[in-house]
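This report describes a single protein chain together with its ligands.

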Amino acid sequence: MIPELWTCIFSVFFFYVHGAKLPEPEVKIEVLYKPFLCHRKSKYGDILLVHYDGFLESNGTMFHSSRHQGDKNPVWFTLGIREVIKGWDKGLQNMCAGEKRKLTIPPALAYGKEGKGKIPPESTLIFDIEIIEIRNGPRSHESFQEMDLNDDWKLSKAEVKEYLRKEFEKHGYAANDTHHEVMVEDIFQKEDEDKDGFISSREFTYQHDEL
Ligand SMILES: [Ca+2]
Ligand SMILES: [Ca+2]
């Protein structure tokens with residue numbers, strides 16, 4: 001009885017430790033070019049303008065290229081909000097404008113078991129990506145810091161109201177207290193997911209519907 005119990009505890013323990021050690025799928029990042037001047041690096045919430053070529057690792061086929069296909073314009077997207085595949089969100093942080101990277105992305109961080117369009121199921125993808133421009137997104141850390149007047153890493157209703165007041169003034173509208181309070185209630189309804197009366201930096205950054 002007792003040895004069996006131990007075996008059971010041990011296997012649970014083993015499973016736990018073993019399970020915890022299972023490697024997370026990783027993006028392989030190779031820096032192909034890094035500009036000498038870099039005044040700021042990309043991070044979650046930024047809007048990035050990129051050019052990219054995407055290839056299947058299996059046979060080297062190019063499945064999409066912003067440089068050579070369509071209107072040949074680079075594309076804008078917001079980093080870190082799952083607007084793009086996970087491999088991009090993970091692999092395009094801390095980049096300078098002008099930097100070029102080669103990302104090798106396992107299927108779990110790309111289109112997985114289903115694949116998509118020209119991409120077969122379970123495909124590892126290779127991207128050559130160049131960041132053309134980096135801009136602060138509406139959900140950037142800078143915007144959050146600007147709104148967080150007492151630096152406690154969460155936004156109170158008063159702080160959001162103050163922000164609205166300034167924004168309205170900036171655009172030439174008269175301050176309207178009642179109107180702003182209604183808007184604040186509305187914003188908290190949507191953004192304060194855990195309903196603790198504050199918008200945390202996490203709640204702020206990872207929301208991605210309107211606003
Ligand atoms: Ca605050
Ligand atoms: Ca909250």
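Is Asp 196 buried, partly exposed or exposed? With a relative accessible area of 43%, Asp 196 is partly exposed, where buried means under 20% relative accessible area, exposed over 50% and partly exposed in between, for a 1.4 Å probe and protein chains only.

## Basis of the description

The model is predicted: local features need pLDDT of at least 70, side-chain atom pairs count only at pLDDT 80 or more, and totals for chains, interfaces and linings use all residues. Residues are numbered from 1 along each chain as its sequence is written, chains are lettered from A and ligands numbered from 1 in the order in which they are written, and side-chain values use heavy atoms, with hydrogens and water left out.

## Overall architecture

The protein chain contains 6 helices and 8 strands, which are DSSP runs numbered from the N terminus (helices: H or I, at least four residues; strands: E, at least two). Read from the N terminus, the order of the elements is α-β-β-β-β-α-β-β-α-β-α-α-β-α. The protein chain has 211 residues, of which 36% count as buried.

Donors are N, O and S atoms within 2.8 Å of the metal (3.2 Å for Na, K and Ca); water is not among the atoms, so sites may look incomplete. Asp 152 is partly exposed, at 31% relative accessibility.

Under the rule applied, four donors count as tetrahedral if all angles lie between 85 and 135 degrees; four count as square planar and six as octahedral if opposite donors are over 155 degrees apart and all others between 65 and 115; anything else is irregular.

## Calcium ion (ligand 2)

Asp 192 (OD), Asp 194 (OD), Asp 196 (OD), Phe 198 (O), Glu 203 (OE) and Glu 203 (OE) coordinate the calcium ion (ligand 2) at 2.3 to 2.7 Å. The donor residues follow the sequence spacing D-x1-D-x1-D-x1-F-x4-E. This site is irregular, with angles of 50 to 156 degrees among its 6 donor atoms.

Asp 192 is buried, with a relative accessible area of 4%, whereas Asp 196 is partly exposed. Lys 195 lies in the loop between α5 (177–191) and β8 (199–200). Although Lys 195 is not a glycine, its phi is positive, at about 55 degrees. Lys 195 counts as exposed, at 52% relative accessibility.

A pair of aromatic rings is described by the distance of the centres and the angle of the planes. Rings of Phe, Tyr and Trp (its six-membered ring) pair if their centres lie within 6.5 Å; planes under 30 degrees apart count as stacked, over 60 as edge-to-face and the rest as tilted. The count by this rule is 7 aromatic pairs. One of them joins Trp 88 and Phe 127 edge-to-face, at 5.3 Å centre to centre and with 85 degrees between the planes. Because Trp 88 lies in helix α2 (residues 86–91) and Phe 127 in strand β6 (residues 125–135), the pair ties together parts that are 39 residues apart in sequence. Trp 88 is buried, with a relative accessible area of 5%, and Phe 127 is buried, at 4%. Tyr 52, Phe 63, Phe 77, Trp 88 and Phe 127 form one aromatic cluster.

Residues lining the second largest pocket include Tyr 52, Phe 63, Trp 88 and Phe 127, and among the others are His 64, Lys 116 and Lys 118. The volume of this pocket is about 210 Å³. On a 1 Å grid over the protein atoms alone, a pocket is an open set of points where a 1.4 Å probe fits, with protein on both sides within 12 Å along at least five of seven lines; lining residues have an atom within 4 Å of a point. Grid points are joined across faces, edges and corners, and a volume is the space filled by probe spheres set on the points. The lining comprises 8 nonpolar, 2 polar and 2 charged residues; Ala, Val, Leu, Ile, Met, Phe, Trp, Tyr, Cys and Pro count as nonpolar, Asp, Glu, Lys and Arg as charged, and the others, Gly among them, as polar.

## The loop between β3 and β4

Lys 72 lies in the loop between β3 (62–65) and β4 (75–78). Lys 72 is not a glycine, yet has a positive phi of about 60 degrees. At 49% relative accessibility, Lys 72 is partly exposed. His 68 lies in the loop between β3 and β4 and counts as exposed, at 52% relative accessibility.
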